[in-house]
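This briefing concerns the structure shown below. Please keep the sequence and the model in view while reading.

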Amino acid sequence: MRTKLQKFFTRLILSILGLCVIVITLFLFLYVFRKGKKVFSLSFLLDKPAGVPLGTAGGIYPALMGSIYLGALSALIGGILGIGAAIYLVFYSTGKRFSILVNMAITGLSGIPSILFGLVGYTLLIYRFGLSRSLLCSSLCVAAMIIPFVAIRAKKILDEKGREYMKTSLSLGLSREYALRKMILPACFVELLGTVALGMAYGMGAVAPILYTGAVMQADVPHSLSDPFMSLPYHLYILVNNGFSLDYAYGTAFVLMLFLLIIQLICKFITYLRKDN
Amino acid sequence: MFKKLSDKFSKGIIYLAAFLVMALMAVMLIHIVKESIPAISQLGFKMFLPSTEWRPVSQKPQYGLLPAIAGTLYVSAIAVVLALIFGVACACFLDYYLPKKVASVFLAFIDLVAGIPSVIFGFIGLTVLVKAFATHLHMAAGQCILAAGIVLGIMLLPFVISTCHESLQTARKTYEFSAITLGFSREFTLLHFILPAIRPGIIAGAMMAFGRALGETMAVMMVIGNSPIYPKLLGRGQTLPALTALEMGSIEYGSLHLSVLYVANAVLLVILFIVLGISYLLKRRLATHEN
């Protein structure tokens, strides 16, 4: 009898809690999509923000473009550095002081909260080096945040797929660099690109590092690296925090979420297809 | 000749990248320590006395960090406990009571939650949770520690579920066949063999989740109310990252205030180091046990 009761209650509690989680996750998506759909239109995507206070009318075009520029630039910087460091760790590491330090740096960076990249970037780049609040500063801060994200995943990819190639190439008398350029990087290219894209999505959603380093309430689409810019998550934060317009906040959240989800779904789909083969 | 040059060039880039990553970490650490020194030498231990309040802009400025430290730990603890209860149960539910195909669809779906940026969590928390608190609990504004804990807990869910799911599957492979053959029910097996077996792995995962929760900025900042007072479950509070994000834009470079913010973040890093260090040690012990 007791075991039967225990069985029943275990089943009941697990099911209730499990269903709760599933309902909550479904709710997160449905809530934003349903509320955001009302505001969403082509003109919302392609117009500049207007109205007083700003953002209560018009669209979010500059914020969308600003986010894309920011994502692309930081993915470029963070991707190169992250993959470079990962290649070093997998194929060049000697187990001596320098490689231990690089390894520790990546682990350490991955633990640092995003706001610290913003704080250090703000005081160091803007006050110490005298740069203006700009796309460049923000990209550097976001890139610093992406580096460990990319490096850890790239290390895993190279470790799994590249070692065998490297061993064969070295025993054939080829140089490490040649093997990397001609075999390993082409073989891992899609996965590495997917990792960088995931890192980009992660960086584009972050507000903390761009809070005071370059994102502003109103700006045009940036024309040069030293221009301030608008960004979707920052725009959302401003709209909500100042209570300007909840409707437009729903719209912005909808676009931001849809955009990031599409990037992630594409990346996951590609890795899924690759795994099958 | 050309091949040799491009070999050297590739090697140079790789070493440069590795060096820059290391330099970045060094610069961050050195900068944080350097900027904290003025506050430490001028205020010293006063920042951590329980009697000192956080009043940075008054006539006689006081810089007490303890309320924000307590708030950070409080919110993160609530979040981890909630995420653990729901996450572990959900992982078991998906693994045991749903067909494999359905479970993997839900798992992929829950995994997508990890990709939602934190500002959207803050936004949903503000429009749903805080509003519900304000109307149903008759609170003035609804922004409170509990709201922040719940929002943060939901953010940690995908992480806890995926860690738990992995350890569940390995444990089931080891124990389930023998247990079922001996005539135990699946629920009995789960409660008495599998959960105890995966407990160390879950604790290590929980510590990592705790580390993530400590550093979360935007979502917490939007729902916690941002008053630098000692945290109560249904009262406003403040966390270290939220404090930094809120105040760093409005202070002068070189002021004592900024230096105190750096001390606050140094404290946060020390706590993070301890938490993540414990999780690392646990994981290493686990790995040596398995081999």
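**Overview of the two chains**

Chain A contains 9 helices and 2 strands, where helices (H or I, at least four residues) and strands (E, at least two) are DSSP runs numbered from the N terminus. This is a predicted model, in which local features need pLDDT of at least 70, side-chain atom pairs count only at pLDDT 80 or more, and totals for chains, interfaces and linings use all residues. Residues are numbered from 1 along each chain as its sequence is written, while chains are lettered from A and ligands numbered from 1 in the order in which they are written.

**Chain A**

- Along the sequence, the elements of chain A follow the pattern α-α-β-β-α-α-α-α-α-α-α.
- The C-alpha trace of chain A spans about 75 × 70 × 35 Å along its principal axes.
- Of the 277 residues of chain A, 47% count as buried; a residue is buried if 20 or more other C-beta atoms lie within 10 Å of its own, exposed if 12 or fewer, and partly exposed in between, with C-beta atoms placed from the backbone.
- Among the contacts in chain A with a separation of 6 or more, 73% are accounted for by residues 24 or more positions apart; two residues are in contact if their C-beta atoms, placed from the backbone, lie within 7 Å.

**Chain B**

- Chain B has 9 helices and 2 strands, arranged along the sequence as α-β-β-α-α-α-α-α-α-α-α.
- Taken along the principal axes, the C-alpha atoms of chain B fill a box of roughly 80 × 75 × 35 Å.
- Chain B has 291 residues, of which 48% count as buried.

**Helix packing within chain A**

- Helix H6 (residues 135-171) and helix H7 (residues 176-204), both of chain A, pack at an angle of about 155 degrees with their axes 9 Å apart. Axes are lines fitted to C-alpha atoms, for helices over the stretch in contact, and angles run from 0 to 180 degrees between N-to-C directions.
- H6(A) and H7(A) are therefore roughly antiparallel to each other; angles under 35 degrees count as roughly parallel, over 145 as roughly antiparallel, 65 to 115 as roughly perpendicular and the rest as oblique.
- The contact of H6(A) with H7(A) has 18 nonpolar, 5 polar and 3 charged residues. In this classification Ala, Val, Leu, Ile, Met, Phe, Trp, Tyr, Cys and Pro count as nonpolar, Asp, Glu, Lys and Arg as charged, and the others, Gly among them, as polar.

**Contact between the chains**

- In total, 62 residues of chain B are in contact with 70 residues of chain A.
- Helix H1 (residues 2-43) of chain B supplies the largest share of the side of chain B that touches chain A, 18 residues.
- That side of chain B divides into 46 nonpolar, 11 polar and 5 charged residues.
- Helix H1 (residues 2-39) of chain A packs against helix H2 (residues 66-97) of chain B at an angle of about 105 degrees, with their axes 7 Å apart, which makes H1(A) roughly perpendicular to H2(B).
- The residues of this contact comprise 13 nonpolar, 2 polar and no charged.

**A buried loop residue**

- Pro231(B) lies in the loop between helix H7 (218-223) and helix H8 (240-247) of chain B.
- Pro231(B) counts as buried because there are 26 C-beta neighbours inside 10 Å.
- Apart from neighbours within four places in sequence, Pro231(B) is in contact with Ala70(B), Gly71(B), Tyr74(B), Ile145(B) and Gly237(B).
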